[in-house]
Amino acid sequence: MAVDAGYMPEETAKSFMERYQGMFVSMPPETVLRKVLIDSGLVSMQLMLVARAKGYDTLPMGGFDQVTFVEAFDIPERYSPVMLIAIGKAAKPGHPTVRLPIEDVAFFNEMPKA
Ligand SMILES: Cc1cc2nc3c(=O)[nH]c(=O)nc-3n(C[C@H](O)[C@H](O)[C@H](O)COP(=O)(O)O)c2cc1C
């Protein structure tokens, strides 16, 4: 698609595809799953932000029975369930909530020892 859009030379795309396919084929399944989980987290947050921007409410759920979920929805083996995200219009406003201060959860130009 990037080639068709004129953003990338065809040779670069071909080289990327060969390199990435080779890399993923030789990666242990745990490493692939780790990448899938990282990417899924990013995609999930983005999906929730887009939904919010379009006037929908969301709720992520990690606490579900993965085996039952896979069976109930007949999920093919190549997919790994990560989280469920309910999207809709909230029946009532969410409860008030709090967030930890930024300095407790992010560090800038330093890494605390403990
Ligand atoms: C990745 C993730 C998974 C979650 N899984 C569950 C869940 O399985 N069950 C649940 O009741 N809440 C779960 N939550 C919490 C709620 O979806 C929601 O974030 C929370 O109720 C909002 O309250 P807060 O604004 O006080 O954080 C999860 C949150 C995240 C970010």
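A residue is taken as near a molecule or strand if its C-beta atom, placed from the backbone, lies within 6 Å of it. By that criterion the residues around the ligand are Leu-59, Pro-60, Met-61, Gly-62, Gly-63, Met-83 and Thr-97. Sorted by class, with Ala, Val, Leu, Ile, Met, Phe, Trp, Tyr, Cys and Pro as nonpolar, Asp, Glu, Lys and Arg as charged, and the others, Gly among them, as polar, this shell has four nonpolar residues, three polar residues and no charged residues.

The model is predicted, and local features need pLDDT of at least 70, side-chain atom pairs count only at pLDDT 80 or more, while totals for chains, interfaces and linings use all residues. Residue numbers start from 1 along each chain as its sequence is written.

**Overall form**

The protein has four helices and two strands, where helices (H or I, at least four residues) and strands (E, at least two) are DSSP runs numbered from the N terminus. Read from the N terminus on, the order of the elements is α-α-β-α-β-α. The radius of gyration, taken over C-alpha atoms, is compared with a globule rule of 2.2 Å times the number of residues to the power 0.38; a compact globule of 114 residues would come out near 13 Å, but the protein has 20 Å. Along its principal axes, the C-alpha trace spans about 55 × 45 × 35 Å.

A residue counts as buried if 20 or more other C-beta atoms lie within 10 Å of its own, as exposed if 12 or fewer do, and as partly exposed in between, with C-beta atoms placed from the backbone. On this scale 0% of the 114 residues count as buried.

**The helices H1 and H2**

The expected span of a helix is 1.5 Å times one less than its number of residues. For the 16 residues of H1 (residues 10-25) this gives 22 Å, and the end C-alpha atoms are 22 Å apart, which agrees. Helix H2 (residues 29-53), with 25 residues, reaches 36 Å from its first C-alpha to its last, close to the 36 Å expected. The number of buried residues in H1 is zero, so H1 lies largely in the open; H2 likewise has zero buried residues, so H2 lies largely in the open. After H2 comes Gly-55, whose phi is positive, near 90°.

**Single residues**

Which residues have a positive phi although they are not glycines? Asp-74 is one of them, at about 50°, and Asn-109 is another, at about 60°. Asp-74 lies in the loop between helix H3 (66-72) and strand E2 (84-88), whereas Asn-109 is found in the segment after helix H4 (102-105).

Tyr-79 is also found in the loop between H3 and E2, and its C-alpha is 12 Å from that of Phe-69, ten residues away in sequence. Phe-24 belongs to helix H1; from Phe-24 to Thr-97 the distance is 41 Å, C-alpha to C-alpha, across 73 residues of sequence. The neighbour counts of these residues are set out below.

| Residue | C-beta neighbours within 10 Å | Class |
|---|---|---|
| Asp-74 | 6 | exposed |
| Phe-24 | 11 | exposed |
| Tyr-79 | 10 | exposed |
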